[in-house]
Amino acid sequence: MVSKERGTKMLRLERVSKFYSGNGLVSTGFSKVDLEFDIGEFVAITGESGSGKSTLLNVISGLDSYEEGEMYIMGQPTSGFSKEDLEEYRKKYIGSIFQTFNLINSYTVYQNVELVLLMSGYDKSEIPGRVREIIEQVGLSDYEKTKASKLSGGQKQRVAIARALAKETPIIVADEPTGNLDSQSAAEIIKLLHQLSKDKLIIVVTHNYDQVEPYVTRKIAMHDGRVAEDKRLRVTAIQADQKETEIKTAKADSLSFGSMVRLGVRNTFNIPAKFLLLLVVFIFLCSAVFAQYSSFMYMGEMTTGGYNNYFSDTDKDRILVTKPGGGEFTDADYAKIKQIDNVDKIVEYDLLLDLVTNVTDDSEKGEYYVTTKLGEAADYADQLEEGRMPKNSNEAIMICPRDQYAAQYMDVIMDKKAEVMDQNSGNAIIKDKIKIVGYGYMTEEQQKAMEESDIYLEGYLCVNDDTMANIRLAALERYCTQEIELANHIAEGNSAAGVMPIRASSKVPKGEIYVPEDVDAMAESGAVGKELKLTNKSLYFEDTFQFKVGAVYNKSNLSYYLDRDDFDAISGTLFINPEDYGKMFNKGNFQSSVIVSDYKTAEETAVKIQKAGFDTFHVNDGLISYSQGFDIIQETLRTIMLVAMLLVLFFITYFITKLILKSRNVYFSTIRMLGATKANCSSLLKTELFAVFNIAFFFCIGVIGIIKVGNFQGKSLLQNTSMNEMLSFLTTGDYVILYVVLCLMAILLAARYARQLFKKTAMNAYKEEV
Ligand code: ADP
Ligand code: MG
């Protein structure tokens, strides 16, 4: 409620001019107009086309600015009004009716009227009653749920009147409201306007004065942008009463959040074609971003190659496990670890994983040289192509991919003794050479697994359990170092490096040790019968043994003591009884490896193993990268690429969205004329795109889910391994990141579009569209 001082006119224009400038020309809408209006008047503005009627009305409505003079509302000057002030002015004072109706065609009658109340922040509870009442007043109760596009011209203008009157503004302006109507409908509309707005100021622009003549209290004629005639025809009811009236202004709150969401959702679906087009665009955006992001993650995994000085098998699915303080693993320990999720298997003696062996001919002709890993012969029994399965100790079969390097040597290798050596040290693992007794080919699956391994391999050397045990023992020995103390002299032994290696020989009695001459020298040639203290050390244990030197061997007595004749090959070796050898080296496992079923959860699994009371080391984390510092550059480049791709996608989507949303310009300029602010329009658009985006996003997630389930169940139609492989790099966290990124993209898209829309004034935007 605003009270005006006695004598103040409600609306007053003082030498107001409106100019249009464009193309370097300045044209005049109207100039130096002096007019006063008061509540209760029903004013007709007439004049030929181009005389400035519409321009005047738009300035009065606050839809257009003016360049000269001053317009007062309730005595308050408006020339200094900001955009926000003008928006408030329109909401409080102005109800507009247009020649072209300006209804939202995709809304029902009810929704069109409701819209203006929502815009002014009316309470949800008071809206329905108010809307129905006014619809009844304009005689459209039967059409409440009809879409505006289905109404006749007369009916449309009734909706427009209802809309203008729904919020109780003191001023109603109508620009040729009957211009598009037949004469009968036109007469009815004018009558209705007159009936419903007795206590308001009504300004009607018309070029059919006769039609309004029976009702108007005043006639203003415009000519060439100036007021040519201003005639008062009747006394208004209020003037007749000679009373000062209070002027009621309409509510001018803003669209509430709840109403904004409701309108936004309504807008999302009410034009099905637009909704579907936007949905397709957003599905394209989501799937392109998913693809980009997952390939980014995938590439990231692929480029982090490297090596480790201690472990050959650096596959990502391997977790090294030890006991705190370095104890031996018990069966109970293994049982405990096996229960942890994602633990696929435990390689109890895991040095075998790191043992890459080269199988080569012993002829020194260098005919073949095959890099292999050890395997269990029993696992490949079905695949044997030639020869037989291993029967005796130190027999093996070779399993290699068909048609590759190793395959051409299989026949050559057969029946020959191969030297198996540790690739890292270049030393033979088993001096007693292994005899290849058969060969076979890998299945495609096995070949793939081999090729995907981080180690370069050409085949598997597969042996029986007892040979495996021999190799294990031999390998264990290689990982130990020894300290021997004889007659107060101390010497260091290191099998792996070939320094004083220890070997078992059944010729040596238990508790004794046969030493070579150079060790004998330590005791100044009197070693026999002396005590030799041998301390055996590994990363995990240290044991001391006492031996009595039983013999000193040399080239000439070798065959007598040890039943051998290869002095050069064994020079420097210490021999002990096999039982003592077993005691020294055949220890339990101090280090085992867990192979996880899905390497992406290796970290999680490692934490679980730690919680179960073990120490872990994810071998793949300890890699020394092949590319060294180049990694960071690569990573940065990839990230830049990803961001660039996202930007490109954003702009592609923006331009397509812009084309689709062009059809929404009418909607937005219309609601602006009804009092929607820039912020309102922007929020509505954001809500709309946000809704479409969510549907698109979850649609894509659904499709991904189907692909995954399809793969899981091995259904051929949906099975797409490479896609599944890529998608498997996306974790829940990634989906959340993508959701947020895409969400921001959708909202930015809306914000950008809204900014463009608001570069123009409401009126210009509207004129361009209609
Ligand atoms: P009426 O409604 O009386 O037919 P208008 O108010 O639409 O007349 O136009 C008044 C004058 O202003 C005309 O000369 C017209 O060419 C000019 N005019 C109206 N709108 C624009 C505009 N957007 N840009 C430039 N000139 C305009
Ligand atoms: Mg006009």
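The legends below describe close-up views of a predicted model. Residues are numbered from 1 along each chain as its sequence is written, with chains lettered from A and ligands numbered from 1 in the order in which they are written. In this predicted model local features need pLDDT of at least 70 and side-chain atom pairs count only at pLDDT 80 or more, whereas totals for chains, interfaces and linings use all residues; side-chain values use heavy atoms, with hydrogens and water left out.

**View 1. The residues around ligand 1.**
Of the 13 residues around ligand 1, those that come nearest are G50, G52, K53, S54 and T55, a residue being near if one of its heavy atoms lies within 4 Å. By class, this shell has 1 nonpolar, 9 polar and 3 charged residues, where Ala, Val, Leu, Ile, Met, Phe, Trp, Tyr, Cys and Pro count as nonpolar, Asp, Glu, Lys and Arg as charged, and the others, Gly among them, as polar.

Polar contacts are pairs of N or O atoms within 3.5 Å. A backbone N or O atom of G50 lies 2.7 Å from an oxygen atom of ligand 1, and a backbone N or O atom of K53 lies 2.9 Å from an oxygen atom of the ligand, while a polar side-chain atom of S27 lies 3.5 Å from a nitrogen atom of ligand 1. The protein covers 64% of the 560 Å² of accessible area that ligand 1 has on its own (Shrake-Rupley method, 1.4 Å probe). The elements giving two or more residues to the shell are β2 (25-37) and α1 (53-60), helices (H or I, at least four residues) and strands (E, at least two) being DSSP runs numbered from the N terminus.

**View 2**
Strand β1 (residues 11-22) is joined to β2 by 9 bridges, and the bridge partner of V16 in β2 is V33.

**View 3. The open sheet that contains β13.**
Here 4 strands have the order β13-β28-β12-β29, with antiparallel pairing. The twist averages 30° from one strand to the next, with axes fitted to C-alpha atoms and angles running from 0 to 180 degrees between N-to-C directions.

Technical notes
Polar contact = N/O pair within 3.5 Å; in protein donor to acceptor, adjacent residues only side chain to side chain. Pairing = 2+ DSSP bridges.
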